[in-house]
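Hi,

Here is the structure I promised to pass on. Have a look at it first, and my notes follow below.

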Amino acid sequence: MIEARHLTKVYADLHRGPFVALENLSFTATRGEVYGLLGPNGAGKTTALRILSTVLQPTHGTALVNGFDVVTRPAQVRKTIGFMSANTAVYDRMTAWEMVEYFGRLYGMEDEPLRQRMELLFERLKMQEIRDLLGAKMSTGMKQKVSIARAIVHDPPVLIFDEATNGLDVLVARSLLQAVAELRDQGKCIVFSTHIMREAERLCDRIAIVHHGRLLAEGSVEELRDRYNQPDLEEVFFDLISNQEKELATGNR
Amino acid sequence: MQWKNVSLIYHREMRDQLRDRRTLFLIAVLPLLLYPLLGTSFFQLTQFLRDHTAKVLVVGGRQLHGVDWLPKLLDDGRFDAALFERPDQRDSLELVSARDFPALEQDLRKGKRLRTEGAADGQLPETETDEAAFDNAARQLLDSGQVEAVLVFPTGFKERLREVRRALLERQAGDAADLPEPIILFNSANDKSQLTQLRVEQVLRRWRSDVTEVNLTASDVPVEATSPFELRPRDMAEAEQRQAAVWSKILPFFVFIWALTGAFYPAVDLCAGEKERGTLETLLTSPALRREIVWGKLLTVMTFSSITALLNLASLGLTGKFVIDQLSQIPAFGQEHALSLPPAVSLLWLGAALIPISALFSALCLACAALARSTKEGQYYLMPLMLVTMPLMMLPMSPGVELNLGNSLVPLTGLTLLLRALIEGQYPAPGLFIAPIAVTCLCCLLAIRWAEEQFNRESVLFRESERLELGRWLVHLVRDRGETPSFAQGVLCVAIILVVQFFISVALSVHQGGPLDFGALARAVLISQLACIFAPAALMTIVLTRRPGRTLLLERTPLWRHLWAAAGVALLMHPVVVRLAEHIAKVYPIAKETEAAAKGIESALAGAPHFLVAVLLIAVVPALCEEIAFRGFVLSGLRHVGHKWWAIVLSSVAFGLVHPFLHQKINATVMGVVIGYVAVQSGSLWPCILLHGLHNSLQLVMQHCAAAVQADAQHPLAYILGGESPLLYRPLTVAACGLAALAMLWSFRGASYRPTREEQLETARQRGDAPLAAV
């Protein structure tokens, strides 16, 4: 469903010169699984997912989403994904219902199926009471719900969540994780990026540990623990990252 | 592009804007309040104006008393009421005497002994000190605003009047010329003082003609003797025409300014605002194409722009009607000068012109707003936008500027002039009608394309605030330079060339004294080519690119067939270019100065030591310098735009711009497209230099050929050249050569064209396949 091939992204940076945000990142995620991108802040997760959602162009390499190339068929890619991140806000001067309806229409849904789908979503996400509330008046949790409804209104086979639990309280974060798990059970292919170990452990079927734009390790939580002979994911993570830091330091010397 | 999506986005943005209080205030409430408020303040001001009374100090007025035949000038602290156009104006000038300023009284009285130009020489030396004392006192009063003007009747003025009368009555020449005349002192740096001086002068003029009349009557000469006839100009313009002339200047400017303002704020909110609020990324991840987003937003901005303009017009109209009705009651505004509301037809034309104008402004604003990171940054862009568009809108308001082919091609100016002509009721020729609209549409398309470009650039969409440090930025430019220059660097190069050219041409024209000889011409050409064109391009290539050879298209060895083909194109294009130039000159006649300049250059070239030296100067040097700059650096930079034809056309427009005269500009733009195509297809600069050099030298050779054909009609060249003067190619020659040139250019097709990365990507996108891996 998602196939990232040698994704590389270089930004121009005044201070550091060309800055490599992503280096040769390749991975595959299939339907019915949550693929986790785990890494500290600035590891390149957001860049990778923005490339998958076609808002950024890779410097080299490409990715196939549902068989469409993100570089040459961006419009088709966007039709088949639902994208949600801490950066994708809701409109202040639109109600929850209007917002979801607007995106449903942009995804090309007909009136009647859209209405039915929205009724279902609003019911399932418990959003009936904020139906006519303007975005500006919503709490963070409410906004997050609207964002989820917006991302899945067209029932896409691929979902991309970028640090979606950022800034949420425990209750809201928990219900979001539940929603993601449900979507996985419906057979969606989900890419989920986070820097929180527990979320990755609980939710992800496979995890890629990313640091400085490079993929350091990939596998299920058990596989990673066994491979690196550590009691839990946090230790694996810490181990991998400090090793890479050392390598980079010696390499620079 | 799906219009369904555009309409969806449009409706959402409209609803969003209408829910925004700020926008509603700006487009709906502000105009409703603005004009009534302006009207109120205007009335306040007119009241100030009417209540104003000016003080005039009169020195030496007493001598006019007791001359019984003299018409009355001063009357109880005022000028006589009969001397004013309307009796109520009498109160606007209050007269004071030296006695009212005790501290200065002594000095002021010395004014009576003031010398005037008419006075005889040989005055006593003490008058000079008197004069200085009086001047000081008068200046003190004028500067402090205690009086607005000083009127002095020097001692002896009465005698002058008597002498004039005596001479007339006794029918003999008098010697009044030696006697003093009245003087008005005022301060021209002070508006009020200047106005008072004019009023006093008017009063004195009337009084003077009264005096003349009395004298004439007394000496039995008919009054008509002084003015045997009166001039009676008759204005044939009807009231409506006069009104239209006024409205045609004001209305377009007014409406366009509001169209710009009305477009700007929604544009900033729709782009920079959405970026700031994070909703733009949400929209970008939806299937809507960037183009659909731009069009949806553009239509919204356009709607607001036109509504703002129309509402302002309506509000101004209603307030204006009220004000005009009131003003026409004030006697100062004579009935015949009173304005009425503009005629309905002019409003219709205005409405029609509003559509392309608001489209243009909306696209410009949208592109600027897309560039901005935040609304605050967005607001900064209003000023530059105004600075660029204002002069273009002001130009048509200046007197004497009329719609012609030249200025109809200037964006905004052309349309404003067309609108002015239409409101005045003149319907221009179809060409002049279409040209401004076509230019506006073209600008619109360019601006929309630019806005789309902004939406496609991730550096613009995801710009992060970075401290601007000039030093680091310069280091970054050189350290992280690309293989070839970027688009912006290409544009910058053109801008630098234009700026340097401006300064050097001014300097050259100042130092250029006397007639133009070959030496001076050679110096001018060398300086302008090397310093203005070659130096910036070469320096920028060395500093800003990692592969200068590739940038300047000098890496590849040119193919012989490309060189032959380029030479062929140069020869074959010549008849076409000459015909084209002649045609342009017919449509838009060459200015006398341009013709004189061309003649000067021609004669200077005739003074060249050898024909080949002239060729070197006029053909080889420009070919080398201009090709390195325009087909080398500039075109390489512009090709990052992603479509070779856009790059070619833009670079040739830039190439046209650096040429001084209009006819050269058009010619150079056309040749620029041809040479640009050769450059892109052959991937080498040498064919371009050859083509350019040959093209230029043909201009020189032509003069020799012309002389030969004119001398001998049987000359072989006469088959292709008409024997007329000025020498022209025969139409058949032009057609045949044009076709042959096209065929030759066609042979470049599919040559070793090396697409840039952006061009490959664009092609891959259009075909919908995977991009080429190795770029």
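Two strands count as paired if DSSP finds at least two bridges between them, and strands themselves are DSSP runs (E, at least two residues; helices are H or I, at least four), numbered from the N terminus. This is a predicted model, where local features need pLDDT of at least 70, side-chain atom pairs count only at 80 or more, and totals for chains, interfaces and linings use all residues. Side-chain values use heavy atoms, without hydrogens or water, residues are numbered from 1 along each chain, and chains are lettered from A and ligands numbered from 1, as written.

Now the sheet: chain A has an open one of six strands with mixed pairing, in the order β6-β7-β8-β3-β9-β10. β6 (81-85) and β10 (214-219) of chain A have a single partner each, so one side of each lacks a neighbour in the sheet. β6(A) runs parallel to β7 (residues 158-162) of chain A, joined by five bridges; in β7(A), A:F161 is the bridge partner of A:M84.

Next, the helices. The axes of α3 (residues 96-106) and α5 (residues 140-152) of chain A come within 8 Å and cross at roughly 25° (axes are lines fitted to C-alpha atoms, for helices over the stretch in contact; angles run from 0 to 180 degrees between N-to-C directions). That makes α3(A) roughly parallel to α5(A), a label for angles under 35 degrees. A:A96, A:M99, A:V100 and A:F103 of α3(A) meet A:V146, A:A149 and A:R150 of α5(A), with contact meaning heavy atoms within 4.5 Å.

Cheers

Note on methods: Parallel < 35°, antiparallel > 145°, perpendicular 65-115°, else oblique.
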